[in-house]
Amino acid sequence: MIQSMTGFGKASLHLPNKKITVEVKSLNSKGLDLNVRMPSLYREMELGLRTQLASRLERGKVDFSIFIESTAEQTTTKVNAPIVRAYISQLKDIYPAADETELMKMAVRMPDAVKIERDEIDENDWIEIQAVIEEAVQNILTFRKDEGASLEKEFQLRIGNIRQYMTEALALDPERVQAIKDRLQTAIAELQVNVDENRFEQELIYYLEKLDITEEKVRLTNHLDYFLETINGTEANGRKLGFITQEMGREINTMGSKSNHAQMQKLVVQMKDELEKIKEQVLNVL
């Protein structure tokens, strides 16, 4: 069963003094493009986290984020009082008549006016956070599978349409062949020359064989079957499906160049349109 590269997963956890929220978003990409955003407190865990995400998500432009919302009454950010006082004193020296409140507003915006007391990673907290990460990853995988099911229905519809247009085109083949024969016979008649009928028949057969689309029909049918077989298999992937669509395109293009019949060419154009829609969606397949 195919999966989409597009997905979203979210999970959250309430710890005694903070709320942890994990979000994972992904879009289509040729490879794995992983962007990780997390608080500096957990930065040392990033390498292992990247390996974990790469093994589970495989491909896509992935944005992974950990958000921390403090619910405690105390904060690790402290005003650096001596530094603030020193700034206020220096500002007073520059402008003695300045308002005290305005000086305070200016001082707390200066470098080193606040200091952050670095926490150490709580191993028990990190174990719980890992469980939330796994939940968010599982949610995005479920999302990808659901999107994949929708893509599969879309592919089956488009493949069915291509088959139908091909069947309609082949039904016009006797009419096309007769039109070619009539056109050649009319051209020879207008030349007003004597023609060896046997030689004419031989040349006509040779010409019609070059315009015959039976081989293209057989190969295209095989490609359509292989495409459906692949999306229903256990090794379905976007790259493989992309290669199959390229082969389908070659056969459809050859049919168009050989058709030499207005109505058949219209059907070939419709086949190409369906194939382009398939190609667009294949870019989203994992």
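**View 1. D33 and its partner in β4.** The bridge partner of D33 in β4 is K61. Helices (H or I, at least four residues) and strands (E, at least two) are DSSP runs, numbered from the N terminus. The model is predicted: local features need pLDDT of at least 70, side-chain atom pairs count only at pLDDT 80 or more, and totals for chains, interfaces and linings use all residues. Residues are numbered from 1 along each chain as its sequence is written, and side-chain values use heavy atoms, with hydrogens and water left out. β3 and β4 pair in the parallel sense over 6 bridges. Strands count as paired if DSSP finds at least two bridges between them. Further along, V36 stands opposite F64 of β4. R37 stands opposite S65 of β4.

**View 2. The open sheet.** The sheet has 4 strands in the order β1-β2-β4-β3, with mixed pairing. Its edge strands, β1 (7-15) and β3 (32-37), each pair on one side only. Neighbouring strands are turned by 10° against each other on average, direction ignored. Axes here are lines fitted to C-alpha atoms, for helices over the stretch in contact, and angles run from 0 to 180 degrees between N-to-C directions. β2 and β4 pair in the antiparallel sense over 10 bridges. Within this pair, E23 has S65 in β4 as its bridge partner.

**View 3. Helices across the sheet.** α1 lies across β2 (18-27), β3 and β4, and runs at about 140° to β3. Contact means heavy atoms within 4.5 Å. Helix α4 (residues 123-171) lies across β1, β2 and β4. α4 runs at about 155° to β1.

View 4. β3, α1 and β4 make a left-handed β-α-β unit. A right-handed crossover would run clockwise from the first strand over the helix to the second, with the strands pointing away from the viewer. E58 lies in the loop between α1 (46-57) and β4 (60-70). Its phi is positive, about 65°, although E58 is not a glycine. Most residues other than glycine have a negative phi.

**View 5. The second largest pocket.** About 290 Å³ of space lies in this pocket. On a 1 Å grid over the protein atoms alone, a pocket is an open set of points where a 1.4 Å probe fits, with protein on both sides within 12 Å along at least five of seven lines; lining residues have an atom within 4 Å of a point. Grid points are joined across faces, edges and corners, and the volume is the space filled by probe spheres set on the points. The lining has 15 residues, of which R59, G238, R239, V282 and L283 lie nearest the centre. α8 (238-259) and α9 (262-282) each supply at least two lining residues. The largest share, 6 residues, comes from α8.
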